[in-house]
Amino acid sequence: MSELAIDSEDTEAAFGSFGATCLYMTYDPVTRQCLVASAGHPPPALMDPDGSAAHIDLSPGPPLGVGGLPFEPVAFEAADGSVLALCTDGLITRGHADPDEGMTALRHALSAALVSGRSLEEIGPEVVGELVPRPLADDVTLLLAEARGVRARDHASWTLAADPAVVSEARAHVLGQLSLWGLDDLAFTTELVASELVTNAIRYAGGTIGLRLIRAASLICEVSDVSNTQPRMRRARATEEGGRGLFLIAQLTDRWGSRYTRSGKTIWTEQALPPGP
């Protein structure tokens, strides 16, 4: 699962407070689904492989720190090879009285640049230079990402009951899948990670538990549950019997984190793949 976020500080609001706009997006390489929400931020643009381009229709919530209204997430599919573009408002308002005109200009510039087949690293600065006159009076940021899904043989998922007996079942699933992938070198760590996360989900969340492995640029292990309480890492006292799970996971993996879902949360970890032959 990939996560993209971009934000921009606003001017001082009423009563001496400050707010910031923010756009947050997740991309699931298995389902090819994106989920995006906006806190007063311009919507992302999606350039399809066939050359068509459009901005995603969002209903932005208030900027962060300004109001307490909920943020409405919008789901859409990004086909393999699509390009997602996130930007700050400085890119679409400079030189355009109407933000819609600025978004149209951005789509046209991106579509024209992508035809060349050059890398996104080359295209990004070129588009910014074309759209934004100098000198800059506002922050200008353009973030480009290509959607790349994973093949069916590169992911596996299981649904588990909230029963302590399934922890051994989860370990067996992990070991079997890693063996199929030829990743036995990662078996010990991944088995431990999955065991700790599934155990925590059973103990603190209840309900159905999801376990998923993804083999992509790294090995991703995900455990989903129905609770929206985010995990908190702490250092357990020497006399305590538990409380060390997340600390161990943080030490054994390259990265870990948590994200909200429509039905609860997902905790994920990443491990580097061993070098190929």
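Good morning. I begin with helix α6, which spans residues 245-252 and has G245, L246 and I249 as its buried residues. Those three residues lie on the same side of α6, because the arc they cover around the axis is only 90 degrees. Please keep in mind that this is a predicted model. As for the partners of that buried side, the buried residues of α6 pack against helix α5, strand β12 (255-261) and strand β13.

Strand β13 leads me to one residue in particular. T269 belongs to β13, which covers residues 264-272. Is T269 buried or exposed? T269 has a relative accessibility of 1%, and it therefore counts as buried, the cut-off being under 20%. Leaving aside residues up to four places away in sequence, T269 touches V193, L197, L219, I220, C221, I249, T253, R255 and W256.

I turn now to helix α4, residues 166-181. This helix comprises 16 residues, and the distance from its first C-alpha to its last is 23 Å, close to the 22 Å expected at 1.5 Å a residue. Which residues of α4 are buried? They are V166, V167, A170, V174, Q177, L178 and W181. Because they cover an arc of only 115 degrees around the axis, they sit on the same side of α4. The elements against which these buried residues pack are β9 (155-160), α5 (187-204), β10 (209-215) and β11 (218-225).

Finally, just after α4, G182 adopts a positive phi of about 70 degrees. Thank you for your attention.

Conventions. Residues numbered from 1 in each chain as written. Predicted model: local features only at pLDDT ≥ 70, side-chain atom pairs only at ≥ 80, totals over all residues. Heavy atoms only, no water. Helix = DSSP H or I, 4+ residues; strand = E, 2+ residues; numbered from the N terminus. Buried < 20%, exposed > 50% of the residue type's maximum accessible area, 1.4 Å probe, protein only. Contact = heavy atoms within 4.5 Å. Expected span 1.5 Å × (residues − 1). Arc of directions from axis to C-beta.
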